[in-house]
Amino acid sequence: MANQQKPIYQIAAVKVASGNITDEFQSFVRPWDGTPSRTSAAKAAGVPLSIIEGAEDVDQVMAKFFDFVADAVLVSTGALGDQAKLLCRATRYAGRKCLPNELYDLLDFAAETDNKFDLENNNRAYLLEVFGIAEGTDSVGKAKANAVLCEALKNYGA
């Protein structure tokens with residue numbers, strides 16, 4: 001059986017300076033693998049199919065994404081797993097050989113911060129619950145939650 005890969009249908013990032021969110025980027029992406037993925041993406045995003053159908057292709061969105069992030073470090077939970085795979089694939093579709101930005105994984109950072117955040121407690125839901133951070137409902141909301149989580153981990157035990 002072929003390995004089903006998750007398509008990118010929405011991408012977001014926030015810029016953080018001195019612990020504060022200073023700018024944000026968010027865009028829908030028209031999935032490149034056909035109508036079933038587009039229908040699934042619309043359902044997952046909670047938007048009409050027309051929003052996904054009318055979104056730009058991944059190469060156009062990724063060019064804007066890279067303009068926004070420039071040479072910043074990309075911070076995420078799962079940055080070294082599924083997120084990295086999706087970003088690398090989208091990068092290739094955008095005509096670049098590799099993702100130019102450094103990736104920083106919040107789950108690794110959490111595990112290094114305190115042993116209680118390792119193993120069975122090394123997941124996004126647990127960390128958000130421990131720090132009382134609301135999960136975002138869309139990609140920019142999740143990016144904002146990552147920024148708050150990163151700051152919470154930096155200040156943990158200080």
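## Salt bridges, a hairpin and a helix face

K154 and E151 are 3 residues apart in helix α7, so about one helical turn separates them. Helices (H or I, at least four residues) and strands (E, at least two) are DSSP runs, numbered from the N terminus. What you have above is a predicted model, in which local features need pLDDT of at least 70 and side-chain atom pairs count only at pLDDT 80 or more, while totals for chains, interfaces and linings use all residues. Residues are numbered from 1 along each chain as its sequence is written, and side-chain values use heavy atoms, with hydrogens and water left out.

**Charged pairs**

Let's stay with K154 and E151, whose side chains meet in a salt bridge (a side-chain nitrogen of Lys or Arg within 4 Å of a carboxyl oxygen of Asp or Glu). E151 has a relative accessible area of 19%, which means that this residue is buried (under 20%; exposed is over 50% and partly exposed in between, with a 1.4 Å probe and protein chains only). The structure holds 6 salt bridges, and the table lists some of them.

| Pair | N to O distance |
|---|---|
| K144 and E24 | 3.1 Å |
| R30 and D57 | 2.6 Å |
| K154 and E151 | 3.3 Å |

K144 and E24 form a salt bridge through their side chains. Because K144 sits in helix α7 (residues 139-155) and E24 in strand β2, this pair ties together parts that are 120 residues apart in sequence. Both partners are partly exposed: K144 has a relative accessible area of 32%, and E24 has 39% relative accessibility.

A salt bridge also joins the side chains of R30 and D57. R30 is in the loop between β2 and α1, and D57 is in the loop between α2 and α3, so the parts tied together here are 27 residues apart in sequence. D57 counts as partly exposed, at 32% relative accessibility.

Leaving aside residues up to four places away in sequence, A152 touches F131 and I133 (contact means heavy atoms within 4.5 Å).

Strand β1 (residues 10-17) and strand β2 (residues 20-28) pair in the antiparallel sense over 8 bridges; pairing takes at least two bridges found by DSSP. Across the pair, V16 stands opposite I21 in β2. β1 and β2 form a hairpin with 2 residues between them, and S18 in the turn has a positive phi of about 55°.

**One face of α1**

Which residues are buried in helix α1 (residues 35-45)? They are S37, R38, A41 and A42. Viewed down the axis of α1, these buried residues fall within an arc of 135°, so they line one face of the helix; the arc is taken from the directions from the helix axis to the C-beta atoms. The buried residues of α1 pack against α2 (49-53). On the face turned away from that buried side you will find the exposed residues P36, K43 and A44. After α1 comes G46, with a positive phi near 70°.
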